[in-house]
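Me: I've got a model open and I'd like to know what the labels on it rest on. Can we go through them?

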Amino acid sequence: MEYPSINRSLLIGIILSIVFLSGWEWYCREQGFVATMEDTKELWAETRANLEDNNPNQLVSVSASRGHFDIQLNEWEALTGIRPLMLSADGRGPGAVLEDIVITTEFNGTILLNVTPDMFFVPKADSLFAWWRGKEWVDYYNKRTYAQLFNHQVSYSLQPFFAFLTTGEEGDPDLKSMVREWSNTNDRTKSGPPFPRFSYCDFERNTTMFDRVVTDTAFAAIIQRAWMFDTDSINGFVDHKQSIFNFYLKLIETFKARGGKVIITRNPSHGGVRSYEKDVYPRSEWWDEFIEQANCPAYHFEDYPQLDQFYTPEWSHLSTPDARIYTTELVKILQADGVL
């Protein structure tokens, strides 16, 4: 006699769940979230697993977010026949990733190493944002379990269909991200300016910037304020400059000795970010000195009109249409120089 009541309760629960999830999905889409893959440590680790030992034809992008946004995989492959492996990561310096590749693998292909000054020129120290954020993902890859692999596959099979499953580092609609909005249980205000999500990626971590960053200057200004809020250093770690150089130089030397090739790039930046970089990391004292010691093919956007024809709408990354042109022009330069 109790079964009809149980069935009604179950039915009501299902209906309420559908209504709630539908409403939450509608709200997320209204806020601009996209039902697509999100860039997490799990997806990065899955991409990292595709790095091949002793494959001189493979090319991997190692960078902070500028290499992630500005290098477009389709355009690169169309001109070279090689699809880059995208290991560049937003808000994460490349030092720990480069070290992992050089020290723990036999990879001997090409590394496209992009320099974002305040993410690149930092000491190897777990206390520094640019270092520990990159190391965090490297450590996850090296220590991930079968259970984590399984959970990743289940989650990512659903993410392309539901925007409310968006999950990442900040500004996302999942429960963990919302909890992170509060600094602690006593202080319910988040430190620093808001930092909204402004891009998404596909299964191969090819990144697309939201059109809104280009069309909505107020939205772009929110991101600009986030860039300018805080940095690891206000003096560019001048006292540690040569030790920072030596860290990269040793890795590059080791990698080149086993047949690998390193191409170093400096992608565009503008506005307040560019002013900060010029003040704290003057080109002549950082980029020029490092490149002279590294003895690698190096390409600074300021030196090539075809690379310096764009404007970064939020001061640090190219819009996706511009990134496609930038990638095409960069590859043409590399091919003309015989680097590729």
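Reply: pLDDT is the predictor's confidence in each residue, from 0 to 100, and contact means heavy atoms within 4.5 Å. This is a predicted model, where local features need pLDDT of at least 70, side-chain atom pairs count only at 80 or more, and totals for chains, interfaces and linings use all residues. Residues are numbered from 1 along each chain as its sequence is written, and side-chain values use heavy atoms, leaving out hydrogens and water.

Me: Over which residues does pLDDT stay under 50?

Reply: Residues 167-190, for which the model still has 42 contacts beyond four places in sequence. Where pLDDT is low, the predicted coordinates should not be read in detail. For the protein, mean pLDDT is 85, and 75% of residues reach 70 or more.

Me: Why is α5 called roughly parallel to α12?

Reply: The axes of α5 (residues 95-104) and α12 (residues 241-257) cross at roughly 30° and come within 10 Å. Angles under 35 degrees count as roughly parallel, so α5 gets that label against α12.

Me: What makes the contact of α5 with α12?

Reply: G95, L98, E99, V102 and I103 of α5 meet F247, Y248, L251, T254 and F255 of α12. These residues divide into seven nonpolar, two polar and one charged; Ala, Val, Leu, Ile, Met, Phe, Trp, Tyr, Cys and Pro count as nonpolar, Asp, Glu, Lys and Arg as charged, and the others, Gly among them, as polar.

Me: How do you know that β3 and β6 pair?

Reply: Two strands pair if DSSP finds at least two bridges between them. Five bridges join β3 (residues 110-114) to β6 (residues 261-266), so they count as paired.

How values were computed. Axes fitted to C-alpha atoms, helices over the stretch in contact; angles between N-to-C directions. Helix = DSSP H or I, 4+ residues; strand = E, 2+ residues; numbered from the N terminus. Parallel < 35°, antiparallel > 145°, perpendicular 65-115°, else oblique.
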